Amino acid sequence: MNPENIRIVLVNTTHPGNIGGVARAMKNMGLQRLYLVAPRDYPNEQAVWRAASANDVLDSAVVVPTLNDAIGDCQFVVGTSARERRIPWPLMDARQCAERMALASGREQVAVLFGREDRGLTNDELKVCNLHLNIPTSEDYSSLNLAMAVQIVAYELRMLTSPAGQPSSAVDEWDAPFASRENMERFYTHLEEALVDIEFLDPAAPRQLMSRLRRLYSRVRLDEMELNILRGILTETQKWVRRGRDSER
Ligand code: SAH
């Protein structure tokens, strides 16, 4: 596990106090990298107060305008959510998920996304994630305070570091690097184009097709080599479609 490869991403946070609380929760558990996507009210004194001695985490926080700017270079993205969504996604609790993140962090950039205080992450934001993380709660009230949710995830990660702070012995021995978010987005764009070309996808009635395909590929997690193979297949398919159309003329 390499905590330097794990970033906490807060999307559109409303209350600056929560940002400070998150910084503190992170530093307590040995995490340093905080990304703030379009925070509503930041910088703000309340963030500094709540951060207490974790000002260094706040000072080095990266403020970006869009989610893509925060996770474009990540190979493993986890979305946290208090509720079930319309399309079920691979879902884990904080403990199981921390293991996956710790493993991935040995060689990859890992991001954990946390949503808005009032409405969490949008379905579109959850769809860019490889996994969804849910902290089990009472059925009566499932929505935790943002900083407390970060605390629990950070604690589970902490529990996986060995006492001497050495990387854990489990190493991911994959033979190719996993695809980054940016490259996955390029692939989805290409896939959509090709599906329209072969008239499998009707742009006028796309239904849930792209969401379902995203979920499929998120579940297996493609490496760069596999991604290149699939893009090669798409390119060749598009060539055949064009040839077919040209010969009809
Ligand atoms: N009403 C919102 C709750 C937002 S709470 C919703 O239903 O999603 C703010 C953020 O804290 C959430 O977006 C999520 O990132 C995190 N969070 C709160 N409760 C959680 C839980 N039980 N499991 C996982 N994350 C949670």
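Biologist: How many helices and strands does the protein have?

Modeller: Happy to start there, with a predicted model in which local features need pLDDT of at least 70, side-chain atom pairs count only at pLDDT 80 or more, and totals for chains, interfaces and linings use all residues. Residues are numbered from 1 along each chain as its sequence is written, and side-chain values use heavy atoms, with hydrogens and water left out. Helices (H or I, at least four residues) and strands (E, at least two) are DSSP runs, numbered from the N terminus. Counted that way, the protein has ten helices and seven strands.

Biologist: What is the radius of gyration of the protein, and why does it count as compact?

Modeller: The radius is taken over C-alpha atoms, and the globule rule is 2.2 Å times the number of residues to the power 0.38. For 249 residues that rule gives 18 Å, and the protein is close to this value, so it is as compact as a globular protein of that length. The radius of gyration itself is 20 Å.

Biologist: Is P16 buried or exposed, and which residues does P16 touch?

Modeller: P16 sits in helix α1 (residues 16-28). Buried means under 20% relative accessible area, exposed over 50%, and partly exposed in between (1.4 Å probe, protein chains only); at 5%, P16 is buried. Leaving aside residues up to four places away in sequence, P16 touches D41, N44, Q46 and A47.

Biologist: Where is N44 found, and is N44 buried or exposed?

Modeller: N44, one of the residues that P16 touches, is in the loop between β2 (33-37) and α2 (45-51). Its relative accessibility is 19%, so N44 counts as buried.

Biologist: What is the phi of A38, and where does A38 lie?

Modeller: Most residues other than glycine have a negative phi. A38 is not a glycine, yet its phi is positive, about 40°. With a relative accessible area of 29%, A38 is partly exposed. A38 lies in the loop between β2 and α2.

Biologist: Where is R221, and is R221 buried or exposed?

Modeller: R221 is a residue other than glycine with a positive phi, near 60°. The place of R221 is the loop between α9 (209-220) and α10 (224-248). Its relative accessible area is 11%, so R221 is buried.

Biologist: What share of the residues of the protein count as buried?

Modeller: P16, N44 and R221 are among the buried residues. Of the 249 residues of the protein, the buried share is 45%.

Technical notes:
Contact means heavy atoms within 4.5 Å.
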